[in-house]
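Today I opened a new notebook page and went looking around a structure. Here is what I looked up, entry by entry.

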Amino acid sequence: MKKAHPISGGKKAWNLDMRRQGSGEVQLVFGGRWCIDEDLPCAGELKSELSEDIRRLTYHSADLGAWDSGFPAFLATLQKFCVGRGIEVDQRGLPEGVRHLLTMAFAVPEQKVSGRRGGRQTLFVQVGAATIDFFRGMPAMLHFLGEITLSFGRLFTGRAQFRMGDLWLEMEEVGPRALAIVSVICFLVGLILAYLGADQLRMVGAQRFIADLVAIGMVREMGALMTGIIIAGRTGAAFAAQLGTMQVNEEIDAFKTMGISPIDFLVLPRILALMLMMPLLTLYAGFIGMLAGLLVSITIFDIGVFEYYTETLQALELKHFMVGLSKGSVYGAMVAYSGCLRGIQCGRSAEAVGEAATSAVVTGILLITISASLLTIVYYHLGI
Amino acid sequence: MEKEPHIKIHNLTMTYGDFIVQHDINCVINKGDIFVIMGGNGCGKTTLMRALVGLQRPAAGTVFYSGEDFWNGTPEEQARLKRRLGIMFQGGALWSSLTLAENVALPLHEYTGLPPGRIDEIVSFKLALVGLAGFEEFYPVELSGGMKKRAGLARAIALDPEILVIDEPSSGLDPLTARRLDDLILELRDSLGATIVVVTHELASILNIGSSSVYLDSETRTMIATGNPREALKSGEAKVRRFLTRGEA
């Protein structure tokens with residue numbers, strides 16, 4: 001036996017020596033405590049010690065003390081390296097338990113997977129990938145829109161697989177239960193409009209027109225827009241999370257296998273509920289905004305209640321209500337569509353449900369903004 | 001040789017609101033035992049397991065780990081005792097935003113000062129032990145139910161816990177993989193000296209690996225038998241024998 005070559009150890013609780021056993025053979029001698037908490041060596045550090053001419057590796061563990069899985073983990077990495085280099089490994093010098101664990105670890109062949117993780121992508125690549133993803137997602141969005149249209153067709157011909165009770169429940173959820181948050185936000189928006197308007201109108205001595213500004217602003221634009229954004233955050237996200245969780249639990253698959261359309265059963269009541277409740281919420285939002293304007297006018301700018309009321313009645317025309325209500329309906333449809341789309345498209349993990357909810361809100365607000373711009377241009381050209 | 005008691009379940013009663021799931025459970029689990037909690041569906045096996053691992057406070061009674069009272073301990077004492085446990089949940093309970101390697105590595109990063117290279121070695125070895133070598137970079141969503149369960153076991157044994165608690169290890173696994181998992185549980189006990197608590201109603205597993213057991217009865221809502229399941233099969237309580245023979249005894 002040749003002289004032992006200490007790999008490392010020193011003051012540590014473990015020690016490891018390498019002994020040359022004639023030509024092409026090396027013995028690793030383990031001693032001391034080989035436990036995870038003992039700052040054990042990495043098997044990778046040993047690779048450089050095994051020269052090219054080595055063909056056989058044996059072990060000696062008579063002086064080995066306590067060990068835990070840190071020891072076989074070290075040996076497993078070493079064994080993988082030896083197999084790659086064509087070095088024969090003789091495990092007979094290891095404790096029986098270690099040999100058993102190594103046998104179990106190598107009982108199932110390693111899955112060879114390549115290219116699982118790419119490196120960091122440049123901004124250019126990320127923007128390109130996001131653009132491609134967006135356009136790849138378009139057919140799916142149109143397909144979903146088509147399915148909803150067909151579902152509405154089935155509803156009007158009385159063939160939709162759909163429970164009226166679900167519609168009432170959804171209407172309650174998206175309408176009355178949203179009143180509190182709509183009240184708070186729209187009251188504050190009305191307040192802001194009144195202050196903003198009063199400040200400008202005071203310069204030309206036309207403060208009483210605060211009522212016109214607030215009434216038209218809230219009924220025609222802000223009521224619908226603010227309600228749409230509130231509902232996108234509240235109801236759109238909830239739709240995506242509900243349907244996403246159903247996707248994770250395979251509930252949507254269960255509908256499909258029974259021949260029940262998940263669009264009829266799950267999506268249709270949600271879209272209908274929001275389209276029906278959004279105009280009412282918009283109307284309510286407008287009323288709350290005007291109430292805030294009244295409060296500001298009375299307390300800060302000394303305008304009487306009757307004067308504010310008369311001015312509001314003179315300012316508001318039916319067309320303003322029609323514009324506000326139509327916008328509310330469209331925004332409601334957009335929010336319901338994006339919430340249900342992202343929910344149905346959801347992956348099968350908890351993380352995917354979170355992503356679906358986030359995406360539903362982003363898509364909902366984006367669609368509201370786009371439709372608000374388009375409707376404003378259309379109504380302008382129609383002279384409404 | 002006299003065995004050393006490791007876990008003592010003392011007068012444990014578990015409830016959900018006013019509903020008593022199980023009452024007056026008393027057992028001693030010795031060091032190196034593979035202790036099987038068995039019983040029919042809905043008898044409270046998983047509830048007992050949750051009380052054992054500190055997830056659900058019992059309505060009465062407590063659990064002692066090496067003589068230390070868990071439920072009457074301070075939060076710091078409870079946290080220290082929990083570090084001695086490794087838990088495999090029924091569905092794996094893997095963190096979906098992390099890869100398998102990251103799932104197994106997280107407790108090693110949190111509780112050891114090991115360098116990354118050494119952690120990678122241990123992670124690869126633990127995944128190989130459960131037959132998932134090469135799956136390090138996979139996310140849980142990309143795995144089957146059985147693979148998630150095995151990955152959950154790899155995470156549970158990451159720190160070589162002295163007590164390993166496993167909820168339904170064999171359910172949903174093919175017979176060969178289930179057998180392999182049983183062998184691994186035996187090996188973890190024999191090689192690393194772990195005490196293992198298994199919640200299951202898989203008969204093959206109970207008889208293959210169980211060295212002691214408790215049978216929870218859903219009618220009387222308490223334990224009706226303890227001891228070695230193979231002995232219970234021969235001469236135990238009639239209800240337990242019926243359970244262990246699929247109603248044929």
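**Entry 1: domains**

Before anything else, I needed to know where domain bounds come from: they are taken from an automatic or database domain assignment. I also noted that what I have on screen is a predicted model.

I looked up chain B first. Its assignment gives domain 1 (1-84 + 161-249) and domain 2 (93-160). How far apart do the C-alpha centres of these two domains of chain B lie? I found 25 Å between them.

Then I checked how the two domains of chain B touch. I found 10 residues of domain 1 of chain B in contact with 11 residues of domain 2 of chain B. On the domain 1 side, α6(B) gives the largest share, with five residues. I sorted that side of domain 1 by class and got six nonpolar, two polar and two charged residues.

**Entry 2: where the two chains meet**

**Entry 3: a helix from each chain**

Helix α3 (residues 96-105) of chain A and α4(B) have axes that come within 7 Å and cross at roughly 75°. Why do I call this pair roughly perpendicular? An angle of 65 to 115 degrees counts as roughly perpendicular, and the crossing of α3(A) with α4(B) is roughly 75°, so α3(A) is roughly perpendicular to α4(B).

I then picked out the residues. L101(A), M104(A) and A105(A) of α3(A) meet F125(B), A128(B) and L129(B) of α4(B). Six nonpolar residues make up this contact, with no polar and no charged ones.

**Entry 4: a helix pair inside chain B**

I wanted a pair within one chain too. In chain B, helix α3 (residues 100-111) and helix α5 (residues 145-156) pack at an angle of about 25°, and their axes are 8 Å apart. That angle makes α3(B) roughly parallel to α5(B). The crossing of α3(B) past α5(B) is right-handed.

Which residues make the contact? From α3(B) I noted L100(B), N103(B) and V104(B), and from α5(B) I noted A151(B), A154(B) and R155(B). They divide into four nonpolar, one polar and one charged.

**Entry 5: the four-stranded sheet**

On to the strands of chain B. One open sheet has four strands in the order β2-β1-β4-β5, with antiparallel pairing. Why is one side of β2(B) and of β5(B) left without a neighbour in the sheet? Both β2 (19-30) and β5 (68-69) of chain B stand at the edges and have a single partner strand each, so one side of each has no neighbour there.

I followed one pair more carefully. Strand β1 (residues 5-16) of chain B runs antiparallel to β2(B), and eight bridges join them. P5(B) has N30(B) of β2(B) as its bridge partner.

**Entry 6: the six-stranded sheet**

Chain B also has an open sheet of six strands, in the order β6-β7-β8-β3-β9-β10, and here the pairing is mixed. At its edges I found β6 (85-88) and β10 of chain B, each pairing on one side only. Neighbouring strands of this sheet are turned by 15° against each other on average, direction ignored.

Strand β7 (residues 163-167) and strand β8 (residues 195-199) of chain B run parallel, joined by five bridges. In this pair, I163(B) stands opposite T195(B) of β8(B). Strand β9 (residues 212-217) and strand β10 (residues 222-227) of chain B run antiparallel, also with five bridges. Here D217(B) stands opposite T222(B) of β10(B).

β9(B) and β10(B) form a hairpin with four residues between them. In that turn, R221(B) has a positive phi of about 55°.

Technical notes:
Residues are numbered from 1 along each chain as its sequence is written. Chains are lettered from A and ligands numbered from 1 in the order in which they are written. This is a predicted model: local features need pLDDT of at least 70, side-chain atom pairs count only at pLDDT 80 or more; totals for chains, interfaces and linings use all residues. Axes are lines fitted to C-alpha atoms, for helices over the stretch in contact, and angles run from 0 to 180 degrees between N-to-C directions. Angles under 35 degrees count as roughly parallel, over 145 as roughly antiparallel, 65 to 115 as roughly perpendicular and the rest as oblique. A crossing is left-handed if the near helix is turned anticlockwise from the far one by less than a right angle, and right-handed if clockwise. Two residues are in contact if their C-beta atoms, placed from the backbone, lie within 7 Å. Ala, Val, Leu, Ile, Met, Phe, Trp, Tyr, Cys and Pro count as nonpolar, Asp, Glu, Lys and Arg as charged, and the others, Gly among them, as polar. Two strands pair if DSSP finds at least two bridges between them.
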